[in-house]
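Trainee: I've just been handed this one and would like a walk through it. Could we take it slowly?

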Amino acid sequence: MSSTVITNIATLVTNDPSLGDGSALGLVQDAAVVIDGDHVVWTGESSKAPATDNRVDAGGRAVLPGFVDSHSHLVFAGDRTQEFNARMSGRAYSAGGIRTTVAATRAASDEELEANLTRYLDEALRQGTTTFETKSGYGLTVADESRALRIAAAHTDEVTYLGAHIVSPDFADDPAGYVSLVTGEMLDACAPHARWIDVFCEKGAFDGDQARAILTAGKAKGLHPRIHANQLSYGPGVQLAVELDAASADHCTHLTDADVDALANSGTVATLLPGAEFSTRAEWPDARRLLDAGATVALSTDCNPGSSFTSSVPFCIALAVRDMGMTPDEAVWSATAGGAAALRRDDVGRLTPGARADLTLLDAPSHVHLAYRPGVPLVTGVWRQGVRVV
């Protein structure tokens, strides 16, 4: 292995408040980063960088940690263009649309599902995402859920079993029977391929008691909980997430004061997914309320074919700043360190010694340009585990 210094960085986001300007982003001006193998071994001012085998000139651009997308649904087939078109013409989103994707996914071959997955992973990588979580949830049979997780596990360690996305159409008249399947035979087949277990706790999907049973069964199999919580309406999802020490409560659009307080006083991250609100014209989550209460907030894409068909974390950063009350600094932190917290990872989402060498180079002098220049393809270089891949 050889060492490389990336120097002449106008603004370096380290996410270490002990560095640079002392902010949460730990901004260092006129900075350098030294990579040795697949890890960062030094960060600081360019003039103080140690000697290395190789040198890369950042050309006065900004460098930040690779984005950590902690919520996506990428193992699927088909699309829902007609549904989106109808919704933009006035029809409200409902969970029922998932059934369309379930049918297409069941009909697809393993090769087709993997080709689709890698297509969107490559798309995300070109936009700076170096760590991603993805879920099952579009098969809803033992065989289809386990194969989705097996395919995903070939591409990421952050794999989530979401057999409890909706009640399978096969069990439309027997939701209790489907919960038994999800917590029994399906869980047994899926647990070896997953790290996490998730449930869509929402009217029209799974209620609080069902969600608790599903997540508790997953914990008994060694899977850690995450929850789709409080997206479409007020409900028990957030409180259940905190009760079960879920790593993340995702969506968090409809929150009571008690929900906000629970998140602020727990280890559960509030993961906000502005692509979903953008694509459904729904009410925006109030990030400002969560941040002011002291909750940890992550930003992710929720990339899926129905309600948020974007793989762009920069786009979600711009939305969060424009419509959810976040500052540019807060949004960038939430899309990097916040996403890492939602995955309970300390090796990504930061650029300090010991971190994995995942870096994003922007064609701009500051991370603020991600919100300042929305829609512009600013990512001009990406390193993952010390290797330049973009």
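This is a predicted model: local features need pLDDT of at least 70, side-chain atom pairs count only at pLDDT 80 or more; totals for chains, interfaces and linings use all residues.

Trainee: How many helices and strands does the protein chain have?

Mentor: The protein chain has 14 helices and 16 strands, where helices (H or I, at least four residues) and strands (E, at least two) are DSSP runs numbered from the N terminus. Its radius of gyration, taken over C-alpha atoms, is 21 Å, close to the 21 Å that the globule rule (2.2 Å times the number of residues to the power 0.38) gives for 390 residues, so the chain is as compact as a globular protein of that length.

Trainee: Which strand order does the open sheet have?

Mentor: The 7 strands run in the order E3-E2-E1-E4-E14-E15-E16, with mixed pairing, and two strands pair if DSSP finds at least two bridges between them. The edge strands, each pairing on one side only, are E3 (39-45) and E16 (387-388). E15 (residues 379-384) and E16 run antiparallel and are joined by 2 bridges, with Arg 384 having Val 387 in E16 as its bridge partner.

Trainee: Switching to E8, is that strand buried or exposed?

Mentor: In strand E8 (residues 196-201), 6 of the 6 residues are buried, so the strand is largely enclosed by the rest of the structure. Trp 196, Asp 198 and Phe 200 lie on one side, with Ile 197, Val 199 and Cys 201 on the other, and both faces are covered.

Trainee: Which elements do the buried residues of H5 pack against?

Mentor: They pack against helix H4 (142-153), strand E7 (158-164), helix H6 (185-190) and helix H7 (208-220). The buried residues of H5 (residues 175-183) are Gly 177, Tyr 178, Val 179, Leu 181 and Val 182.

Trainee: What does Arg 150 touch beyond its neighbours in sequence?

Mentor: Leaving aside neighbours within four places in sequence, Arg 150 is in contact (heavy atoms within 4.5 Å) with Asp 110 and His 193. Arg 150 sits in helix H4 and is partly exposed, with a relative accessible area of 40%.

Trainee: Last topic, then: which residues are closest to the centre of the largest pocket?

Mentor: Of the 16 residues that line the largest pocket, the closest to its centre are Phe 84, Ser 279, Pro 305, Ser 308 and Phe 309. On a 1 Å grid over the protein atoms alone, a pocket is an open set of points where a 1.4 Å probe fits, with protein on both sides within 12 Å along at least five of seven lines, and lining residues have an atom within 4 Å of a point. H1 (81-88) and H10 (274-280) each supply at least two lining residues, and the largest share, 4 residues, comes from H1.

Technical notes. Residues are numbered from 1 along each chain as its sequence is written. Side-chain values use heavy atoms; hydrogens and water are left out. Buried means under 20% relative accessible area, exposed over 50%, partly exposed in between (1.4 Å probe, protein chains only).
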